[in-house]
Amino acid sequence: MSYTPDDLIRTDIRAYLASHESKSLLRFITCGSVDDGKSTLIGRLLYDSKQIFEDQLSALEADSKRVGTQGQNIDFALLVDGLAAEREQGITIDVAYRFFATERRKFIVADTPGHEQYTRNMVTGASTADLAVILVDARKGVLTQTRRHSYLAHLLGVRNIVLAINKMDLVGYDRGVFDRIRLAYRAFASEIGITDFRAIPVSGLGGDNIATASTNMAWYDGPTLIEHLDTVPVDADREARGAFRLPVQWVNRPDLDFRGFAGTIAGGGVKPGDAVRIVPSGRTTTVARIVTLDGDRDAAVAGESVTLTLSDEVDCSRGDVIAAAGDPPEAADQFEATIVWMADEAMLPGRAYVFQLATQNASATLRTPKYQVNVNTLEQTAARTLELNAIGVATLSLDRPVVFEPYDKSRELGGFILIDKATNATVAAGMIRFALRRAANVHRQHLDVTRERRADLKNQKPAVLWFTGLSGAGKSTIANLVETKLARMNRHTFLLDGDNVRHGLNRDLGFTDADRVENIRRVGEVARLMTDAGLIVLTAFISPFRAERDLVRQMLSPGEFVEIHVDSTLAAAEARDVKGLYAKARAGKLANFTGIDSPYEAPEAPDLHVDTAVESAEAAADRIVAWLLDREAA
């Protein structure tokens, strides 16, 4: 069935476009376990709704014979499985979006992967969906991935659920199979808060109950899938009924006479003359104009992209939120959030990640999860980290306040992602549950004696000399020599040594990657306080990860962090093994030892580089002191 144009297109194109614009839009996803037939189902939807052009149909027929999985018959999955790897393996990897329409409604459908490895792509599709079609293979019933995707869809705010029990042709269209799966799913769904769903027995391959009622399942008297999609109530105006919210994406300043604030309205509506508040600054003003590409507007609502001009010259920039003056959102820098971990590398509590919420960016650190959710039993289990596809609840701390609302109130101001600073890869999606109230009650106390005054009293510039390198490279030896030489010059110093710190401040930490991250974070905070006191701080730590060294750099004022790479080959460091640590690690008696079974990420551009193969500890110390004195004189 190739595309059949509406007769109105030929007779009155304007009337056709007007009727098309008036149709409601439903965004939905298909999800479930691998090989449940999601791509085939969408392909069949497109085919039966006559949304495939003749050239597409010809190409589909040719591709089906060449790489399809249905012999000489049409393989409908190829309509959405566009990647070469997907066609070769017969699986969905990426999220595929397709548009189609019926006489009553427009649709955007996201075909999401079933493989556990690509759960992160399912989260992407569900984040904007109004409805989820959860597919179940009639031969297999409810599986772990079925539960995971149902849990995630509900967690992400999808309230319309369709349980499509697929491949009914392979179980002889048996009503008993359908009823058993429906009841098993109902028992699970009620535990996660899904109070209602529509179960439909279908065959994506044969078209049963997709667009037309199946003659093979006369016992089913419910709607077909398309009939249900056409008529399911969607609260499209939910966001428009809320309080006005506009996250500022761009300050539009084409000339001296115009200053507008552009963005997509995330909630509510606005009219010229409305009183608004800029959050987080709290400044109030009124809306002067609503500017669009088609000219000024009398009003605008959620989902529309507009530029607002304000009556007063107030400080407002990207990341701020223009909100209803009488009902503004909150701003905070600490939250409890639900985290869906999407990276192959496990979460490292204490590591800094880039936090993105709407148009706002911040640096964020996660604490050890409060618990992890077992999607099979829904049990909340203890966890020290989150692995790939894990779902947990953790505390999130930011380096500055951001404007937010709980996710169950606003997807736009409650949903965020975390990005690895080194790779720029998205590692997690999160949903804010609530702000930690203590965050709003903890304020920095003004001190009359400033850090500059303390440094002047000591007649020096504060700095952190951060010695990093393998165990046995000579960090502590060189750092001790540098401090001795500075003390002779009446400089005020303090040496934080890795072993010494673990006897007190960090005695509760081990040597896992997560504990190493927390070790360096704490040392960085102590070093920052010491620079506030005007001291020259020396630290001798392996500090194996670049991300944590960069985190400490960001804690300090520009130019105060001096990274010194004490470089040594592994063989040379192992030969100096005065503590016998390498020998224990080689014997398997010491786990997570840097250089043996735990990585060391060498600095890419250190401020100073010490090659211990060609430079003695004494000479290196002299060079570092000379460099520091030159810095003070500059």
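1. The largest cavity holds about 40 Å³ of space. The model is a predicted one. Searching the whole structure for cavities of 30 Å³ or more gives 1.

2. Ten names make up the list for the lining of the largest cavity: Arg27, Phe28, Ile29, Tyr97, Ile108, Val109, Ala110, Gly125, Thr128 and Ala129. At least two lining residues come from strand E1 (24–32), and at least two from strand E3 (105–111). By class, 7 of the lining residues are nonpolar, 2 are polar and 1 is charged.

3. Next, the helix pairs. Helix H14 (residues 475–488) packs with helix H20 (residues 617–633) at an angle of about 50°, and the two axes are 9 Å apart. Angles under 35 degrees would count as roughly parallel, and 65 to 115 as roughly perpendicular; H14 and H20 are therefore oblique to each other. Their crossing is right-handed.

4. Which residues of H14 and H20 meet? On the H14 side they are Thr477, Ile478, Leu481, Val482, Lys485 and Leu486. H20 brings Ala617, Glu618, Ala620, Ala621, Asp622, Ile624, Val625 and Leu628 to the contact. Divided by class, the contact of H14 with H20 has 10 nonpolar residues, 1 polar and 3 charged.

5. Helix H16 (residues 513–532) and helix H17 (residues 546–555) have their axes 9 Å apart and pack at an angle of about 20°. Angles under 35 degrees count as roughly parallel, and H16 and H17 are therefore roughly parallel to each other. The crossing of H16 with H17 is right-handed.

6. In the contact between these two helices, H16 contributes Val517, Ile520, Arg521, Gly524, Glu525 and Arg528, while H17 contributes Glu548, Leu551, Val552 and Met555. The classes in the contact of H16 with H17 are 5 nonpolar, 1 polar and 4 charged.

7. A further pair is formed by helix H6 (residues 119–126) and helix H7 (residues 144–155), which pack at an angle of about 35° with axes 10 Å apart. The crossing of H6 and H7 is right-handed. Thr119, Met122 and Val123 of H6 make the contact with Gln145, Arg148, His149, Leu152 and Ala153 of H7. Of the residues in the contact of H6 with H7, 4 are nonpolar, 3 polar and 1 charged.

8. Two backbone points remain. Is the peptide bond from Val279 to Pro280 cis or trans? The bond is cis, with omega near 20°. Pro280 sits in the loop that runs between strand E11 (275–279) and strand E12 (284–292).

9. Asn209 has a positive phi, near 60°, in a residue that is not glycine. Where is Asn209 found? Asn209 lies in a loop, between strand E6 (198–201) and helix H9 (225–231).

Note on methods:
Residues numbered from 1 in each chain as written. Predicted model: local features only at pLDDT ≥ 70, side-chain atom pairs only at ≥ 80, totals over all residues. Heavy atoms only, no water. 1 Å grid on protein atoms, 1.4 Å probe; cavity = no way out; pocket = protein on both sides within 12 Å on 5 of 7 lines; lining within 4 Å. Points joined across faces, edges and corners; volume = space filled by probe spheres on them. Helix = DSSP H or I, 4+ residues; strand = E, 2+ residues; numbered from the N terminus. Nonpolar A, V, L, I, M, F, W, Y, C, P; charged D, E, K, R; others polar. Axes fitted to C-alpha atoms, helices over the stretch in contact; angles between N-to-C directions. Parallel < 35°, antiparallel > 145°, perpendicular 65-115°, else oblique. Left-handed = near helix turned anticlockwise from the far one by under 90°. Contact = heavy atoms within 4.5 Å.
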